[in-house]
Amino acid sequence: MIWQQIYDPFGNMIISTALAAVPVVVMLVGLGFLHLKAHYAAGAGLVAALVIAIFAYGMPAEMAGKAAMLGSFTGLLPIGWIVLNIIFLHRLAVENGATKIQEDSLANITQDRRLQLLLIAFSYGAFFEGAAGFGTPVAVTAAMLIGLGFKPLAASGLSLIANTAPVAYGALGTPIITMAKVHGYNLMDLSGMVGRQLPFFSLLVPFWLSWAFAGRKGMMEIWPAILVSGLSFAIPQFLVSNYIGPELVDVIAAISSMVCLILFLRVWKPKTIWTATSLAGHKKDQAAAAELDASWVGGIAPGVLPPLAPAGGLAPISAREAQVASPAMRGTPSGGSGTASGAVGPQTFTQHTTAVVLRAWMPWLILTVFVFAWGLPIVKTALNGIFAPNFPIDGLHQLIEKVPPVVPKPTKEGAVYTFNLLSATGTGILLSAVVGGLLMKFNLVQLVQAYGRTLWRVRYSLLTIALMLGLGTLTRYSGLDTTLGLAFANTGVLYPFFGTLMGWMGVALTGSDTASNVLFGGMQKVAAEQLGLSPNVMGAANSSGGVMGKMIDAQSIVVASTATGWFNHEGDILRYVFFHSLALAFLVGVLVTMQAYIYPFTLMVIR
């Protein structure tokens, strides 16, 4: 029996919208204000969504339960699978002592933590977003930053802020390609239009990131390097998206940014070296260091796994030494490092031979190769041809219809779970971890033991991701999120601004720019045509605005807290990044509004 979605069950959009927002509000309030553990908050939100979907929206109970189940499966594979395996790789690197050598090698490029942040969180993270997406960049960069001595809130929050501008072209352009295919946009026009919005923010985000970490004065001290980092990303992003296509935008831009910044730092140095590893003025971040130090390495007993055997007669580095940064690098107890601005003179770091440095970075180099390979369509297709069974969800698949005004005519919703274990990015990460572990002289027994401990450590994070994806999938199939979207669509001349926020909300709810584009891409097209605007502007706005919602979606926050070992602090992370997410989304909305109405910004529009 077909069930058609209802978007205004009470005949009053104010009441219907308020009710549709309840599940998300329950989860966010539980996380951000009631300080509930993430899996409890996610479970409460899911229960609220089930009640409202069944009793207010009239969704059959069996369909509601199966929609939540489908979302939970999707949460475990691919998202949870990525988190589990990247944490496994990170723990091997920490226990092996590689992270301390990585810190020393980065210090030989620059000892300045602000510049290390640009290299890792912004440029290197963008590469993983472009190659893999789906939570990989936050998992990788947050784990690397915490291994290099950054405090938990800094590592998690700043990784989330950095993973914004690249998101629209993530996973080899999947969000753009999917929107064009599903809703009938011209692929190159849509890719080009996004490429005329996001480069402004690719330039802004490195400045914003540095300000969030070190404050205004700390940011201004390194503005030349920030400018190089942002411009060398934004310019290739514009050129590739407009003249080549969406597939390799992030990969090319990220490599350009990393290379240009490293070369620039050979000829330019900041006047003072910033060594503090906590957020300027955030006492909670500073206080968390002791808690993290006591718990993160403790999951694997020091001495159980083999130390890295460096060349040149250097002594092996213990797990404890690898985890704890040297006192010279920690800054003052207030989070500064000797001056009011948090800057001091250069510190001394161990000089390692090239062979030792390469061995220390080897796990991440191997990871880069595997993740890039797993992101290639030809590899995914080949692996899916070997094993990727599809499971249509009986009682849900093709039994729910979306109806106008969301779509031009009633359209059935598919509900198929693909068990693509071989082609999943997490499998590539697992294989890279095994290869890297063997090359770091772990034996198979030690690898299996370490994996079991990792699985036990992240069990609640995996449960949380499953519950949150269940909530997001249920709101999609029940029409709750569409009700929220229609509320934005009824804003008339202000629609370019609020339509952008609709994309932001879509990603915040679903955790995916791709899912948000599928959900609201058609609505954006219809609303733009009714208002006499270019559909390309609003389709692009959905994706461009959506990237700013990525930092507050529940699954990304859980990925960040898990990667940094800062368990049960998801609410702290959410409260920290929420302002940044909303402020940046507002700025995207302002730009889109100017492109819609104000000369000369209207000249940028692809019609």
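This is a predicted model: local features need pLDDT of at least 70, side-chain atom pairs count only at pLDDT 80 or more; totals for chains, interfaces and linings use all residues.
Visitor: Which residues of H1 are buried?

Guide: In H1, residues 13-20, they are Ser16, Thr17 and Ala20. Buried means under 20% relative accessible area, so each of them falls below that mark.

Visitor: And why do you say the buried residues of H1 line one face?

Guide: Look down the axis of H1: its buried residues fall within an arc of 100 degrees, so one face of the helix holds them. Their cover includes helix H2 (22-32) and helix H21 (480-489).

Visitor: What packs against the buried residues of H10?

Guide: Helices H9, H11, H12, H24 and H26 do. The buried residues of H10 itself (187-194) are Leu190, Ser191, Gly192, Met193 and Val194.

Visitor: How do you know that S1 and S5 pair?

Guide: Two strands pair if DSSP finds at least two bridges between them. S1 and S5 (residues 400-402) are joined by two bridges, and they run parallel. In that pairing, Trp3 sits opposite Ile400.

Visitor: Why are S1 and S6 called edge strands?

Guide: The open sheet has three strands in the order S1-S5-S6, with mixed pairing. S1 (3-4) and S6 (411-413) each have a single partner strand, so one side of each lacks a neighbour in the sheet.

Visitor: What makes Met59 stand out in the largest nonpolar core?

Guide: Met59 is one of the residues touching the most other members, along with Ile86, Leu158, Leu209, Trp364, Leu367 and Leu396. That core has 188 residues, and helix H4 (61-96) gives the most to it, with 17. Setting aside neighbours within four places in sequence, the contacts of Met59 include Trp3 and Ile400, the two residues that stand opposite each other in the sheet.

Visitor: How much of the whole chain counts as buried?

Guide: Of its 607 residues, 63%. The chain exposes about 21,500 Å², with carbon and sulfur atoms supplying 71% of that.

Conventions: Residues are numbered from 1 along each chain as its sequence is written. Side-chain values use heavy atoms; hydrogens and water are left out. Helices (H or I, at least four residues) and strands (E, at least two) are DSSP runs, numbered from the N terminus. Buried means under 20% relative accessible area, exposed over 50%, partly exposed in between (1.4 Å probe, protein chains only). The arc is that of the directions from the helix axis to the C-beta atoms. Contact means heavy atoms within 4.5 Å. Accessible areas come from the Shrake-Rupley method with a 1.4 Å probe; for residues, only the protein chains shown count as cover. A nonpolar core is a set of buried Ala, Val, Leu, Ile, Met, Phe, Trp, Tyr and Cys residues joined through side-chain atoms within 4.5 Å.
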